[in-house]
Amino acid sequence: MKFIRKWSYTYAKCLSSKLNENHEKRSIYYFGFQIIIGEFVKLIILLALAILLGVIKETLIILTFFVIFRTTAGGYHMDTYNKCMVASIVIFLLAGLFVHYTWENLNIHTIAFLNIATFFTGSQFSVNKANI
């Protein structure tokens with residue numbers, strides 16, 4: 001998103017000039033601001049859509065567990081921020097909708113199967129990524 005790059009550049013330029021830093025440090029600040037502002041925008045859009053769809057509680061729970069496991073599990077990185085944002089929002093909202101509409105119909109065996117399948121699928125992707 002263009003405004004994220006513009007705001008990031010403005011904040012990085014301001015911070016580097018106040019700290020009397022060089023161009024190399026400014027590019028580091030620029031990247032950091034892009035991450036912070038981009039994630040904030042993604043979170044606002046995700047929460048707004050979750051509220052509109054009536055799955056805010058489910059989406060927040062899924063997001064919380066994702067954040068906890070993401071730090072240790074690694075993951076795939078898309079080549080553009082817009083792709084990452086769209087994919088993340090779609091995945092979280094679909095997961096929230098899935099939980100919202102199927103939770104009461106699932107028995108303990110189905111939940112156990114889904115957990116095991118998710119674990120092994122995630123483990124397999126992590127192993128394949130490490131071997132690349």
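Colleague: At what angle do α1 and α2 pack, and how far apart are their axes?

Modeller: Helices α1 and α2 pack at about 135°, and their axes are 8 Å apart. An axis here is a line fitted to C-alpha atoms, for helices over the stretch in contact, and angles run from 0 to 180 degrees between N-to-C directions. Before we go on, this is a predicted model, in which local features need pLDDT of at least 70 and side-chain atom pairs count only at pLDDT 80 or more, while totals for chains, interfaces and linings use all residues. Residues are numbered from 1 along each chain as its sequence is written, and side-chain values use heavy atoms, with hydrogens and water left out.

Colleague: What makes α1 oblique to α2?

Modeller: Angles under 35 degrees count as roughly parallel, over 145 as roughly antiparallel, 65 to 115 as roughly perpendicular, and the rest as oblique. The angle is about 135°, so α1 is oblique to α2.

Colleague: Which residues of α1 and α2 meet?

Modeller: From α1 they include Phe3, Trp7, Tyr11, Lys13 and Leu15, and from α2 they include Tyr29, Phe33, Ile37 and Val41. Contact means heavy atoms within 4.5 Å. The residues of this α1 and α2 contact divide into 12 nonpolar, 4 polar and 3 charged. Ala, Val, Leu, Ile, Met, Phe, Trp, Tyr, Cys and Pro count as nonpolar, Asp, Glu, Lys and Arg as charged, and the others, Gly among them, as polar.

Colleague: Why is Lys13 called partly exposed?

Modeller: Buried means under 20% relative accessible area, exposed over 50%, and partly exposed in between (1.4 Å probe, protein chains only). Lys13 has 44%, so it is partly exposed. Lys13 is found in α1 (residues 2–18), and its C-alpha atom is separated by 8.3 Å from that of Tyr29, 16 residues apart along the chain.

Colleague: How do you know that Asn20 counts as exposed?

Modeller: Its relative accessibility is 71%, so Asn20 counts as exposed. Asn20 lies in the loop between α1 and α2 and has a positive phi of about 60° although it is not a glycine.

Colleague: How do the axes of α2 and α4 cross?

Modeller: The axes of α2 (residues 23–53) and α4 (residues 81–102) come within 10 Å and cross at roughly 30°. That makes α2 roughly parallel to α4. The contact is made by residues including Ile45, Leu46 and Leu49 of α2 and Met85, Ile89 and Phe92 of α4. The residues of the α2 and α4 contact divide into 12 nonpolar, 2 polar and 2 charged.

Colleague: How many helices and strands does the chain have?

Modeller: There are 5 helices and 0 strands, where helices (H or I, at least four residues) and strands (E, at least two) are DSSP runs, numbered from the N terminus. Buried residues make up 16% of the 132 residues in the chain.
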